[in-house]
Structures are given as C-alpha cells and as structure tokens.
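Please look at the fold below as a whole before turning to its details. The report that follows moves from the overall chain to single places in it.

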Amino acid sequence: MERILVIGGARALGAAVARRAAKDGYEVVVGARDVAAAGVVADEIGGTAVRIDLQDEASIAAAADRLADGVDHIVTTGSAPHDVRAAELDHAKLVEAVTAKVIGPMLVAKHFAPVLRPAGSIVLFSGVVAWRPGPGSLVKGVTNGAVEYLARHLAADLAPVRVNAISPGVIDSGAWDRLADAKAGLLGKSAAGTLVGRHGEIDDVVDAVMWLLRAGFVSGETIHLEGGARHKSA
C-alpha cells in the first residue's frame with residue numbers, strides 16, 4: 001500500500017484530499033500544525049496524524065524521522081494569506097506567507113528526500129492569482145508564482161521523484177464561507193470569468209491531485225485548474 005502525507009490535511013482542501021486518498025486505498029498520514037485536528041480527520045479515515053508546521057523546521061524534521069520507513073507521496077496545501085497592498089505590508093506576515101508557500105515546502109523536500117521512495121511524488125499548490133495581478137494580491141501573487149519555479153527546480157533536484165504543482169482558480173472549498181451572503185456573488189463573478197462558465201468545486205482539485213499521484217511521466221509541471229480563466233478576455 002502506498003503511503004501519502006497530506007500537509008494541511010486537517011481542514012478544507014487538505015482534508016478532502018486525505019479522504020479521497022483513503023477511499024482510493026492509500027495509507028494516509030494527515031499532517032497539520034494542530035495535531036488534534038489532524039487526528040480527527042485521521043481517525044475518520046483510518047489514517048494517522050503527525051504534527052507538521054511549515055513555519056517550524058524542527059517539526060518537519062521530526063515528522064520525517066517518524067516516517068523514516070518511507071513515504072510515496074506528499075501533498076502540501078499550506079498557505080498564510082497576507083492580502084494587502086504594498087504600503088500596508090507587515091514584515092512578519094510577509095515572512096509567514098513566503099514560508100508557507102515556498103520555504104516550508106523546500107524544507108519538506110530537505111528532510112523528506114531520504115524518505116521519499118523513487119517512484120513517488122510531491123504535489124505543491126500555486127494559484128491563478130499569480131497570473132492575474134490586481135490590487136491587494138501582491139503577496140499571494142508572488143508566492144503562488146514562485147511555486148511554479150519551485151516545482152521545476154525541485155523536480156530536477158529530487159529526480160526521479162516527481163514534483164508538480166496545481167494552480168486552482170476560485171474553488172468552493174469552504175474557504176469563502178466566511179463571506180456569508182457575499183459568497184454567492186464572488187462565485188458568480190468567478191464563473192463569469194471562466195471559459196467553462198462555472199466556478200471550481202473541491203472535487204475538481206482533488207481529482208487533479210489524484211491524477212498527478214499516478215501520472216508517472218509528468219514532472220516539473222504546473223497544472224492550471226481554473227476553467228480557462230487566464231484565457232478569458234475582459
């Protein structure tokens with residue numbers, strides 16, 4: 001049985017990936033900063049939980065030691081949004097955002113390189129905002145854009161382990177529930193901005209993750225999962 005570590009697997013998209021992977025027959029390790037929350041998901045799917053905080057290298061190293069008998073796949077969904085304009089940037093929050101998307105996954109690669117099996121893979125997460133800049137999206141755009149290059153360079157560095165990224169558009173993953181009544185308007189605007197005429201659903205992303213786990217001839221690529229939004233004329 002192949003083993004998959006889902007970092008950020010305690011909630012939203014990460015939890016959906018963990019549930020699907022368990023359903024598809026993988027041994028699932030749910031990694032999260034809140035190990036109690038990770039344990040809830042792990043208990044639900046018959047997996048195990050491990051503490052991993054992308055802001056804390058020691059926690060990454062400890063998780064790699066715990067899983068030293070081997071990991072086939074790693075999916076990392078971590079993020080730390082800092083959605084402000086340049087004049088409002090906060091240094092500490094900027095560092096957190098860059099660490100969650102770029103530095104943390106690099107440190108995951110560092111500590112898990114000896115643990116990853118040769119036919120395995122890493123799946124990173126970028127986002128459409130990297131290709132569609134706008135006011136207030138500076139940090140998210142730059143960090144997500146960097147993920148594309150991270151996937152390319154890690155793929156070369158860790159070969160034959162495959163490394164790829166997924167770049168979603170607006171996905172109804174639960175992340176927008178905080179907007180309450182405004183959520184419907186956001187999703188409607190997103191749908192109008194795609195070529196396929198709808199917003200993304202969480203299963204769209206999970207399907208792409210599961211495909212990449214099995215796509216043994218794909219490495220160093222970024223899969224754009226946004227209904228053609230990058231190609232829609234204004």
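Among contacts in the protein chain (heavy atoms within 4.5 Å) between residues at least 6 apart in sequence, 69% join residues at least 24 apart. This is a predicted model, in which local features need pLDDT of at least 70 and side-chain atom pairs count only at pLDDT 80 or more, while totals for chains, interfaces and linings use all residues. Residues are numbered from 1 along each chain as its sequence is written, and side-chain values use heavy atoms, with hydrogens and water left out.

The protein chain has seven helices and nine strands, where helices (H or I, at least four residues) and strands (E, at least two) are DSSP runs numbered from the N terminus. Buried residues, meaning those under 20% relative accessible area with a 1.4 Å probe and protein chains only, make up 49% of the 234 residues.

Two elements and the residues they hold can be set side by side.

| Element | Residues | Detail |
|---|---|---|
| α1 | 12-23 | holds A12 |
| α7 | 202-214 | 13 residues, 19 Å from first C-alpha to last |

In α7, the buried residues are V205, V206, A208, V209, M210, L212 and L213.

Where does P160 lie? P160 is in the loop between α5 (138-158) and β6 (162-168), and the peptide bond from A159 to P160 is cis, with omega near 15 degrees.

Key:
Buried < 20%, exposed > 50% of the residue type's maximum accessible area, 1.4 Å probe, protein only. Expected span 1.5 Å × (residues − 1).
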